Structure formats: C-alpha cells, structure tokens
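Subject: Structure handover

Hello,

Here is the structure I said I would pass on. Please open it first and keep it beside you while you read the notes below.

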Amino acid sequence: MRKAIGIDIGGTKIAAGIINELGDLEQSLEIPSIPLDSEGLFEAVVSLVEELLTSSMLERTQVSLGLGVPGLVDTEKGLAVFQNNLNWRNFPIVDRLRLRFPELNKIVIDNDVYQAAFAEWVSLKLGEKDTLAFFTVSTGISSPVILAGEGLKGDGFAGEIGLIPVYSTGKMIRLEEAASGPAIAKAGQLAYDDPTVTTATVFDRYYSADQSAVGIIDEAAEALAQGLYALISLVNPSRIIFGGSVIKKNPALLNLIKEKLEDKLIPIQGPILNKLLMSCYDNNAGLIGAGLRALN
C-alpha cells in the first residue's frame, strides 16, 4: 500500500504523520511551532520528516510528502507566499525540502484548510461531479470549495467567507468579526465586563441558559447562517462539512445554525439541510489531507 508523510504547519504546533492511501493515520508526531524564526521553522519540519522516515523504515523513493501551510501559497512554484502567523514570505519550502530529501518520490504544498477539505472529500467518497464546501469556525472563518477533488481558488485567495459582510448587532460587519472564536470571546467580555472571559466561558454559560450567553451565541449563529446562505446560493454544494475548534467542541451550534438557515431557504433549497455535516476528523484533517494530496 502506498504511503505518504503529511505535515500540517501552524503558528502554535507542527503536526506530522504517516498516511496510507485509505486515509488512515498510521503514525503521528507533534512539536511546538517556531512561527517567528523562518529558518528554525524549516529545520523543525525537516526534523519531523527525518524522524518519520527513520522510525517507519519506509523506502524513501516510495514516499511522497504533502504540506499544509496557512495563508497564501503558490502550489505550482512550491512557495509559502504569505502567512499572517508565520515569518515566511515567498519561502521556497518545496525546493528547500527537495534539496534535503532528494530521494523522495514527490513533494506538494497547499493551503492547510484546502488540505483538510480534501481529506473530507476523500472520506465521503465523492465523485467528479460533486462539490464539497468545508466551513470552518475557529480563530477565523473560511470555506474552501472542492470540485472533482480540486480546490476552486480563483486567483489564489478564494474561500475567505469570513470576510463577507453580514448584519449583526445592528450593523454590517465581517462574518469573522461577528462569529469567530475571538469574536464570541470579545462579546462575552463586553457583556460580563470581564476581560478573562473566553469563548469556552461563553459556551459554558450558554449551556447553563445564561441569557447573556444565549444572546451572544444566538447572534453568532444568525451571522453564520447568513454567510452559509450566501455560500449555498452561489455554489449549491453537494455537501457542506463543518470543522474548526469552535463548532467541533460545540456541536449544538450547528443545530442552531440549521434553525436560522431554514428560515432563509426557498423551497427548492430545502434539501441542503440534510447535507450539512460535522467533520469526521478530530483535529487532524489538515495533516491527513496533506498526505492524501501527496498520494493523489
């Protein structure tokens, strides 16, 4: 069975693992990221690749390597173009890795959320006519779209649904400002006049039926439903998969979003409600997708 190394590079941690062509994660490693040190970050990636190659005893010429990197990437040139949370600017990571590991079969790179979306695509066994949107609610909000196994990227910055305007708290603001994890935390801090309130605090109080928390989460769900409706109306995906720490840790939020969304749908759009699903992965879809992409 063919195998690849997948690596998910973030501002907090770097995760790496051995993935087979079925999408199984056979072995994994995780180390803290070094976001402000471009060369140190690269060397950390190198060390993970070397450790996995050594411990797995795989024949190097048969191993491919897939990378998931946040922000803007150039998949053809193998560049990490711009990462808001990493100190890489037009960093030639694929060429640099080829110099360090010339024996590897193939090295590919893509945006980390697109890699995660590809993992979802493979897990659902979708076909070439199917469209999948991966709607993530976490520190930010995004929704890359996969068609026939390939990302729809436009000129390179597509999928940033968190930037679209929605009506929330009496004004038009960007979706990320209304419903991301930091936005929910900020709303809680203002509501309780307490700078220590976190996103988790707000949800804990929501589950306890605290009326301020209920109002905050209701407002966030309404904003997410507006963004989701724009996506549905423009793309009409075959499946919409939800991921990201905020919604994965709080699946009740998806039910609330569905309630808000149902009021916006016209009859012919109604079936989409049965196509809104939670991600089947814990927090490793990007890692697995990177490996699968290398095998694709």
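A residue counts as buried when its relative accessible area is under 20%, as exposed when that area is over 50%, and as partly exposed in between. By that rule Lys-3, with a relative accessible area of 23%, is partly exposed. Please keep in mind that this is a predicted model.

Overall picture

The protein has 296 residues, and 48% of them count as buried. It contains ten helices and 16 strands. Its C-alpha atoms fill a box of roughly 60 × 45 × 35 Å along the principal axes. The radius of gyration is 20 Å; a compact globule with 296 residues would have one near 19 Å, so the two agree. The accessible surface is about 13800 Å², and carbon and sulfur atoms account for 52% of that. If you take the contacts between residues at least 6 apart in sequence, 61% of them join residues at least 24 apart.

The sheet

In what order do the five strands of the open sheet lie? The order is S3-S2-S1-S4-S8, with mixed pairing. S3 and S8 (106-111) are the edge strands, each pairing on one side only. On average, neighbouring strands in this sheet are turned by 15° against each other, direction ignored. Helix H3 (residues 112-124) packs on the sheet and touches S1, S4 and S8, with its direction at about 105° to that of S8.

S1 (residues 3-9) pairs with S2 in the antiparallel sense over seven bridges, and a hairpin of three residues joins S1 to S2. Strand S2 (residues 13-20) is mostly covered, since seven of its eight residues are buried. On its other pairing, S2 runs antiparallel to S3 (residues 25-32), again over seven bridges. These two also form a hairpin, here with four residues between the strands, and Gly-23 in that turn has a positive phi of about 90°.

Ile-9 stands opposite Ile-14 in S2, and the bridge partner of Ile-14 in S3 is Ile-31. The pairing of S1 with S4 (residues 63-69) is parallel, over six bridges. There, Ala-4 has Ser-64 in S4 as its bridge partner.

Salt bridges

Side chains of opposite charge can pair when their charged atoms come close. How many salt bridges does a search of the whole structure find? It finds eleven.

One of them joins the side chains of Glu-21 and Arg-2, at 3.2 Å from N to O. Glu-21 lies in the loop between S2 and S3 and Arg-2 in the segment before S1, so the pair ties together parts 19 residues apart in sequence. Glu-21 is partly exposed at 35% relative accessibility, and Arg-2 is partly exposed at 45%.

Lys-3 comes up again here: it forms a salt bridge with Glu-26, the closest N and O atoms being 2.9 Å apart. This pair links strand S3, which holds Glu-26, with strand S1, which holds Lys-3, across 23 residues. Glu-26 is partly exposed, with a relative accessible area of 41%.

Arg-100 and Glu-43 also meet through their side chains in a salt bridge, at 2.9 Å from N to O. Arg-100 is in helix H2 (residues 93-100) and Glu-43 in helix H1 (residues 38-56), 57 residues apart. Finally, salt bridges that share partners join Glu-50, Arg-60 and Glu-103 into one network.

Regards

Terms used. Residues are numbered from 1 along each chain as its sequence is written. This is a predicted model: local features need pLDDT of at least 70, side-chain atom pairs count only at pLDDT 80 or more; totals for chains, interfaces and linings use all residues. Side-chain values use heavy atoms; hydrogens and water are left out. Buried means under 20% relative accessible area, exposed over 50%, partly exposed in between (1.4 Å probe, protein chains only). Two strands pair if DSSP finds at least two bridges between them. Axes are lines fitted to C-alpha atoms, for helices over the stretch in contact, and angles run from 0 to 180 degrees between N-to-C directions. Contact means heavy atoms within 4.5 Å. The radius of gyration is taken over C-alpha atoms; the globule rule is 2.2 Å times the number of residues to the power 0.38. Accessible areas come from the Shrake-Rupley method with a 1.4 Å probe; for residues, only the protein chains shown count as cover. A salt bridge is a side-chain nitrogen of Lys or Arg within 4 Å of a carboxyl oxygen of Asp or Glu.
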